[in-house]
Amino acid sequence: MDKTHSSSAEQDPNETHPTRHDLDLPSGLTPEEFEDLKPSVTEHHTYPVGTRQCSSLLAQRIQAPPHAVWSVLRCFDNPQAYKHFIKSSHVNEGFELAVGCTRDVTVISGLPAATSTERLDLLDDDRHVIGFTIVGGEHRLRNYRSVTSVHGLERDGKIWSVVLESYGVDVPEGNTEEDTRLFADTVVKLNLQKLASVAEGINGDGDGKS
């Protein structure tokens, strides 16, 4: 997880630096798995963040092949299939799944958010990578951008997937990086856990042999 940011008032708020998620082992992965995934982390999860932003990389191991995981993850118009806290999601009539399309999400009550308008920034069906940015709505995740990638691993005849999800987001005035990261990490972790459950259900017995 990238903790190199400083909230010092003396720093230029427009200054940016690249994330370095390849330096720290995410919780839930073995060192061997992370070593295999480092090139993908560098390629897909490195992007500029500002001095008043925080960033993190989370991982989820899923006992299902990548195509099963991707079949759920790529459905930008149906995020509630695996995301907690979403009451409903709406897309415009004539919606086509393509970079630049948007969805309007309504969040369940009890969270510091009500609605979120999200734009699809990246969709790569060949490499199983998807990314979006929050561009509007009533919520606390300002300038939130996320990239999620699915990776297949195989050892001893077994196939499984690892999903990597990284994000960058503004640290709200009066909040610390740690508080902001804790909130965002918790939401992402719960979503990834549900994604695992859904994908493993699609895969049947989830024995990793499909």
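Colleague: How many aromatic pairs does a search of the whole structure find?

Modeller: The model is a predicted one. The search covers the whole structure, and two rings pair if their centres lie within 6.5 Å. The number of aromatic pairs found is 2.

Colleague: What is the geometry of the pair formed by F132 and Y144: stacked, edge-to-face or tilted?

Modeller: The ring centres of F132 and Y144 are 6.1 Å apart, and their planes meet at 40°. Planes under 30 degrees apart would count as stacked and planes over 60 as edge-to-face.

Colleague: Which residue forms the stacked aromatic pair with Y144?

Modeller: The stacked pair has a centre-to-centre distance of 5.6 Å and 15° between the planes. It links distant parts of the chain, 23 residues apart, with Y144 in the loop between strand 7 and strand 8 and its partner in strand 9 (residues 158-170). Both residues of this pair are buried. The partner of Y144 is Y167.

Colleague: Which residues do the ring pairs link into a cluster?

Modeller: F132 and Y144 are both buried, and Y144 and Y167 are buried as well. Ring pairs join these residues into a cluster, whose members are F132, Y144 and Y167.

Colleague: Which residue lies over the face of F132?

Modeller: A charge over a ring must be within 6 Å of the ring centre. One such case is R145, which lies over the face of Y47 at 4.3 Å from the ring centre. For F132 the distance from the ring centre is 5.1 Å, and the residue over its face is R103.

Colleague: Which element supplies the largest share of the lining of the largest pocket?

Modeller: The largest pocket holds about 170 Å³ of space. Of its 13 lining residues, the closest to its centre are S27, L57, L58, A59 and K189. Strand 3 (53-62) and helix 3 (177-202) each supply at least two residues of the lining. The largest share, 5 residues, comes from strand 3.

Colleague: By class, how many residues in the lining of the largest pocket are nonpolar?

Modeller: The lining of the largest pocket includes 4 polar and 2 charged residues. The count of nonpolar residues in that lining is 7.

Colleague: What radius of gyration does the chain have?

Modeller: The chain has 3 helices and 9 strands, and its C-alpha atoms fill a box of roughly 55 × 45 × 30 Å along the principal axes. With 210 residues, a compact globule would have a radius of gyration near 17 Å. The chain agrees with that expectation, at 17 Å.

Colleague: Is H128 buried or exposed?

Modeller: Phi of H128 is near 60°, a positive value in a residue other than glycine. H128 is placed in the loop between strand 6 (115-124) and strand 7. Its relative accessibility is 16%, and the limit for burial is under 20%, so H128 counts as buried.

Colleague: How does F85 count by relative accessibility?

Modeller: F85 also has a positive phi, about 75°, although it is not a glycine. F85 lies in the loop between helix 2 (66-73) and strand 4 (86-90). Because its relative accessibility is 23%, F85 counts as partly exposed.

Note on methods
Residues are numbered from 1 along each chain as its sequence is written. This is a predicted model: local features need pLDDT of at least 70, side-chain atom pairs count only at pLDDT 80 or more; totals for chains, interfaces and linings use all residues. Side-chain values use heavy atoms; hydrogens and water are left out. Rings of Phe, Tyr and Trp (its six-membered ring) pair if their centres lie within 6.5 Å; planes under 30 degrees apart count as stacked, over 60 as edge-to-face and the rest as tilted. Buried means under 20% relative accessible area, exposed over 50%, partly exposed in between (1.4 Å probe, protein chains only). Helices (H or I, at least four residues) and strands (E, at least two) are DSSP runs, numbered from the N terminus. A charge sits over a ring if NZ of Lys or CZ of Arg is within 6 Å of the ring centre and within 35 degrees of the ring normal. On a 1 Å grid over the protein atoms alone, a cavity is a set of points where a 1.4 Å probe fits but cannot get out, and a pocket is an open set with protein on both sides within 12 Å along at least five of seven lines; lining residues have an atom within 4 Å of a point. Grid points are joined across faces, edges and corners, and a volume is the space filled by probe spheres set on the points. Ala, Val, Leu, Ile, Met, Phe, Trp, Tyr, Cys and Pro count as nonpolar, Asp, Glu, Lys and Arg as charged, and the others, Gly among them, as polar. The radius of gyration is taken over C-alpha atoms; the globule rule is 2.2 Å times the number of residues to the power 0.38.
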